Amino acid sequence: MTILITTPNGTVGRHVTAALRDRDDVRFFVRSEASMEALGDVRGEVVRGDATDAADVRRAVAGVDRLFLAHPFAEDQIVAETTLGATALEAGTRRIVKLGARAFGDGIVHDPVTAAHDVITARLLAVGVPELSVLRPDRFLQNFLSSAQAIASGTLADPAGPGSRGYVDARDIAEVAVAELLSDNPIGGDIELSGPQLMTLQEIADSFATVLGRPVRHIDIPLDDAWRARLLARGVEPWIVDGLRGLYTNYRLEGTAALGDGVQRVLGRSPRSVEAFAADLLRP
């Protein structure tokens, strides 16, 4: 058995890598020299290439039985993931574990971020993956790490609105991915992933405050021109800003999300709590 891990340094991929770095039957597909350096020492093979280049992808998937398919939101995401998936199937891959996104409720038009995952999944289904697991997580708790300094100073600023969601630890997503990759009898199909409870952003802030031992308040950031200008000034490309605006708008429209049972179904345990995340990764 040979397993290929794509985006091994991503928010989820880095934890998949941590779990599998000591196996000699795991291959890692990276795009650049910097990505190779970030990967660090692994026992298995490292292949460098572009996921949108057919020749590079053929080298990466040769002899691969199982594929962890992930890619950041980008202009080439759909091309990259469908090229990897289709080429892997042609090379004899039987199992694909795709990192996707949770669907929104009825009546909400999908934004560019979630729509990309839907397109990729539909194409994988169309070409007939023998064993397909689609991980559908809610918002990552790890997204708050980029605001760790502000949170430590007492402010959690976020534009997702006042609704409740099942914020999920990326380590749980990775453990589910690894279990689906290694299992003789994977769960398969859509696997909905969330934290153990629905929480508002103020409740998230309160949990952070408990762990940090200091007050933290949530500030709702409107999705206005000032918000857009701040992102553009930081160098975020306009089409990414538009995609994020669509995603956050849908969070606001949905209000209260549904919890997912995937961690319990696959791992046989409850998901990590917000407090556990903060104690492990947010507390200095």
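A cavity, on a 1 Å grid over the protein atoms alone, is a set of points where a 1.4 Å probe fits but cannot get out; lining residues have an atom within 4 Å of a point. Grid points are joined across faces, edges and corners, and a volume is the space filled by probe spheres set on the points.

The model I am showing is predicted: local features need pLDDT of at least 70, side-chain atom pairs count only at pLDDT 80 or more, and totals for chains, interfaces and linings use all residues. Residues are numbered from 1 along each chain as its sequence is written, and side-chain values use heavy atoms, with hydrogens and water left out.

Cavities, then. There are two of 30 Å³ or more. The largest has a volume of about 40 Å³, and its lining includes L141, Y167, P196 and R272. That lining divides into five nonpolar residues, two polar and one charged. Here Ala, Val, Leu, Ile, Met, Phe, Trp, Tyr, Cys and Pro count as nonpolar, Asp, Glu, Lys and Arg as charged, and the others, Gly among them, as polar. The second largest cavity is about 30 Å³ in volume; G161, R165, Y167 and Y251 are among the residues that line it.

Next, the cores. A nonpolar core is a set of buried Ala, Val, Leu, Ile, Met, Phe, Trp, Tyr and Cys residues joined through side-chain atoms within 4.5 Å. Buried means under 20% relative accessible area, exposed over 50%, and partly exposed in between, with a 1.4 Å probe and protein chains only. The largest nonpolar core has 30 residues, and F144, I151, L156, I204 and F208 have the most contacts inside it. Which helix supplies the largest share of this core? Helix 8 does, with seven residues.

Helices (H or I, at least four residues) and strands (E, at least two) are DSSP runs, numbered from the N terminus. Helix 8 runs over 201-212, and its buried residues include L201, I204, F208 and L212. Among what covers the buried residues are helix 6, strand 7, strand 9 and helix 12. Contact means heavy atoms within 4.5 Å. Leaving aside neighbours within four places in sequence, F208 is in contact with residues including F144, V216 and F277. Just after helix 8, G213 takes a positive phi of about 75°.

Last, D261. This residue sits in the loop between helix 10 and helix 11 and is partly exposed, at 43% relative accessible area. D261 and S194 are 67 residues apart in sequence, yet 7.2 Å apart in space, C-alpha to C-alpha.

Definitions and conventions:
1 Å grid on protein atoms, 1.4 Å probe; cavity = no way out; pocket = protein on both sides within 12 Å on 5 of 7 lines; lining within 4 Å.
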